[in-house]
Amino acid sequence: MIWAIYRIHYGIDFLEPSLNSIMSEVDKIFIFYSKNPWVKAKYVNYKNQNLDFPKNPEDVENFLNNKFGNNKKIIIKNYECNTPSNQFGDLFKIACSILKSKPNYTLFMEPDMVFGDKQLRLLKIELDLKFWIKSIIAKQIEIWKFDKITKEINTYRIPFRKRIGPVLWKIKKKDKDIVTGFGGAPKDKKNQHYSIIKILNLGFSLNKKTMLYKHLTALVFSKVIGDSEPDEKWYEDKWLNWKPETKNLEISNGFQHKIKKAINFKIPDRYLKYLG
C-alpha cells in the first residue's frame with residue numbers, strides 16, 4: 001500500500017501533471033490545502049511602499065473540488081498551520097486517522113513536482129534495496145520559466161543543487177511518528193539520503209500572478225518561520241524580466257550568487273508525457 005500526501009496553498013498550474021505522473025503507482029492520494037499562508041500581516045513593505053497584504057490569486061479549494069472531487073483515489077482536506085516545520089509529519093498522522101490504518105510507503109509531494117515515467121516505481125525499488133534507510137529523497141531538475149502554453153521542450157534549468165524534493169518513506173507498524181523538517185525529509189540531516197532518480201520541479205514556472213503572491217508573502221513570513229529572507233528585487237529583476245544572460249538568480253538575500261545563471265535544457269520524453 002502506497003500513499004501520496006500533498007500540501008498546497010498555491011501552485012495549481014502543474015498539480016494535474018504531478019498527480020498524473022504518480023497516479024498509477026499509488027493506492028491513495030491526500031491533498032491537504034490551506035486557505036491562509038503561514039504568516040499574515042496587514043501590510044507588505046515592497047519597494048519602499050506599504051502594500052495591502054495580497055490575496056491568493058488562486059481559488060485552490062474550488063479548483064481541487066471541481067477537478068478531483070469525484071476521483072475515489074483522492075481525498076481532499078483543508079489544513080491550516082503557521083509553520084512548515086514537521087508539516088508533513090502532522091499530515092501523515094491526519095491521513096492515518098482518516099483511514100484508520102497505515103500504508104507500507106508514503107510519498108511526500110509538492111504540487112510543482114513531476115515524476116518521469118515509471119520513476120516512482122524505481123524510487124521504491126531503490127529504497128527497498130537500501131534496506132538500512134527509512135526514507136529516500138528524489139533529486140530535482142529545477143526548470144526555469146517553462147511555458148505551459150507553448151510547451152517548448154527546449155527550455156532552461158537551474159544547475160543542480162541539493163534541495164529536498166519528493167520523499168518516499170518506508171512505514172512499519174512499530175514505527176513512531178514521522179518527524180520532518182520544512183520539506184518531507186527527516187528533520188535530522190544525517191538521516192537524509194538522496195536517490196539517483198531525478199524529477200522535474202516547476203516551482204520557477206508558475207504564472208505571473210502566483211509568482212508575485214509567492215514573493216510578497218515570502219517577504220513577510222520568511223524571517224518569522226526561520227527561513228532565508230528573499231531579495232526584494234528578485235521578482236522583477238531576476239524572474240519577471242529575466243533574459244538568458246541574467247545572472248545571480250538565487251532568491252535568498254545575500255546568496256544570489258548561489259545560482260549563477262539558468263542553463264539550456266531539453267526536457268526528456270519521460271516527463272513530457274505528463275506535461276501535455
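**Close-up views of a predicted model**

**View 1. Pro244, a partly exposed loop residue.** Pro244 has 36% relative accessibility, so the residue counts as partly exposed (buried is under 20% relative accessible area, exposed over 50%, partly exposed in between; 1.4 Å probe, protein chains only). Pro244 sits in the loop between α6 (234-240) and β12 (263-266). Helices (H or I, at least four residues) and strands (E, at least two) are DSSP runs, numbered from the N terminus. Leaving out residues up to four places away in sequence, Pro244 touches Tyr156 and Lys261 (contact: heavy atoms within 4.5 Å). Pro244 and Ile225 lie 19 residues apart in sequence and 33 Å apart in space, C-alpha to C-alpha.

The model is predicted: local features need pLDDT of at least 70, side-chain atom pairs count only at pLDDT 80 or more, and totals for chains, interfaces and linings use all residues. Residues are numbered from 1 along each chain as its sequence is written, and side-chain values use heavy atoms, without hydrogens and water.

**View 2. Strand β8 and its partners.** In β8 (residues 135-144), 9 of the 10 residues are buried, so the strand is largely enclosed by the rest of the structure. Strands pair if DSSP finds at least two bridges between them. β8 runs parallel to β11 (residues 194-204), with 6 bridges; Lys139 has Lys198 as its bridge partner there. β10 (residues 167-170) is antiparallel to β8, with 3 bridges. Ile137 is bridged to Val167 of β10. β9 (residues 154-157) also pairs with β8 in the antiparallel sense, over 2 bridges. Here Ile143 partners Arg157.

**View 3. Helix α1.** Of the 8 residues of α1 (residues 15-22), 6 are buried, so the helix is largely enclosed by the rest of the structure. The buried residues are Leu15, Pro17, Ser18, Leu19, Ser21 and Ile22.
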